[in-house]
Amino acid sequence: MDDRPAHWDGVYETRDEAALTWFETEPALSVELIRKHAALCDPVIDVGGGASRLVDCLVDTGYRAVTILDLSDAGMNVSKCRLGPRTDQVRWVTADVTKWNPDQAYALWHDRAVFHFLTTEDDRKAYVTRLLSALRDGGKAIIMTFAEDGPEKCSGLPVMRYSPTGLIETLEAIAPGALRPVEAQKHVHLTPKGHEQRFQVSVLEKTGR
Ligand SMILES: C[S@@+](CC[C@H](N)C(=O)[O-])C[C@H]1O[C@@H](n2cnc3c(N)ncnc32)[C@H](O)[C@@H]1O
């Protein structure tokens, strides 16, 4: 049985958005990278967007084709309530990214803290298949995961940890030559309680190969 939606709905229904370890008042690094790699008219998707305030920032910045995908309606409902009338400017998709069938081509794929929950080879392959079918050739993927020295669990679930090199090796083993590394950096996220969480942040380009 697939208990992922129930797990995440439970998280968002029982805890305040601002108390979640991954909460960011302002997702500054995500906004900076998206602005660098996508024009305002480009279709952009935030995979596993949940209750993130990234959607507010993208709409307010002037992005006109924003999609938020998450398997948790409860998570996206937090964002919808916060956005108010601006909700209608966004496309909302309730789906597990590993089972989703993209129906449009995106210029930019953003994932903060979703890929690292995929602990089986089958799930990672399914994710990469969706990523490659959703992104147009030359499109960029921003993938943020816990770093090698990051937490071993998040929200009570085990996670994979990656260096930028480890991430590209993992993707390369699934889809050789399909994604080219563009840039990468380390990032330290401070949780609402002030604990450090180390991330790696990679930007990749779909080559079309
Ligand atoms: C740690 S939270 C990060 C949320 C958001 N990206 C942020 O930075 O605030 C992980 C999010 O991914 C969603 N998620 C987990 N596994 C998923 C999957 N297989 N498909 C789609 N969404 C998923 C969860 O519901 C949750 O909203």
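**Reading the salt bridges**

Mentor: This model is predicted, and it holds 16 salt bridges.

Trainee: With which residue does Asp-137 form a salt bridge?

Mentor: The partner of Asp-137 is Lys-206, and the closest N and O atoms are 3.5 Å apart. Because Asp-137 belongs to strand E5 (residues 135–146) and Lys-206 to strand E9 (residues 196–206), the pair ties together parts that are 69 residues apart in sequence.

Trainee: Is Lys-206 buried or exposed?

Mentor: Buried means under 20% relative accessible area, and exposed means over 50%. Lys-206, at 14% relative accessibility, therefore counts as buried, whereas Asp-137, at 53%, counts as exposed.

Trainee: Which residue meets Asp-149 in a salt bridge?

Mentor: The side chain of Asp-149 meets that of Arg-198, at 4.0 Å from N to O. Asp-149 sits in the loop between E5 and strand E6 (153–154) and Arg-198 in strand E9, 49 residues apart, and the pair links these distant parts of the chain. Asp-149 is exposed at 52% relative accessibility, while Arg-198 is partly exposed at 33%.

Trainee: Where do Arg-180 and Glu-205 lie?

Mentor: Arg-180 lies in strand E8 (residues 179–190) and Glu-205 in strand E9, so their pairing ties together parts 25 residues apart in sequence. Their side chains meet in a salt bridge of 2.4 Å, N to O. Arg-180 has a relative accessible area of 41% and is partly exposed.

Trainee: Which residues are linked in a network of salt bridges?

Mentor: One such network links Glu-17, Arg-53, Asp-56 and Arg-82.

Definitions and conventions
Residues are numbered from 1 along each chain as its sequence is written. This is a predicted model: local features need pLDDT of at least 70, side-chain atom pairs count only at pLDDT 80 or more; totals for chains, interfaces and linings use all residues. Side-chain values use heavy atoms; hydrogens and water are left out. Helices (H or I, at least four residues) and strands (E, at least two) are DSSP runs, numbered from the N terminus. Buried means under 20% relative accessible area, exposed over 50%, partly exposed in between (1.4 Å probe, protein chains only).
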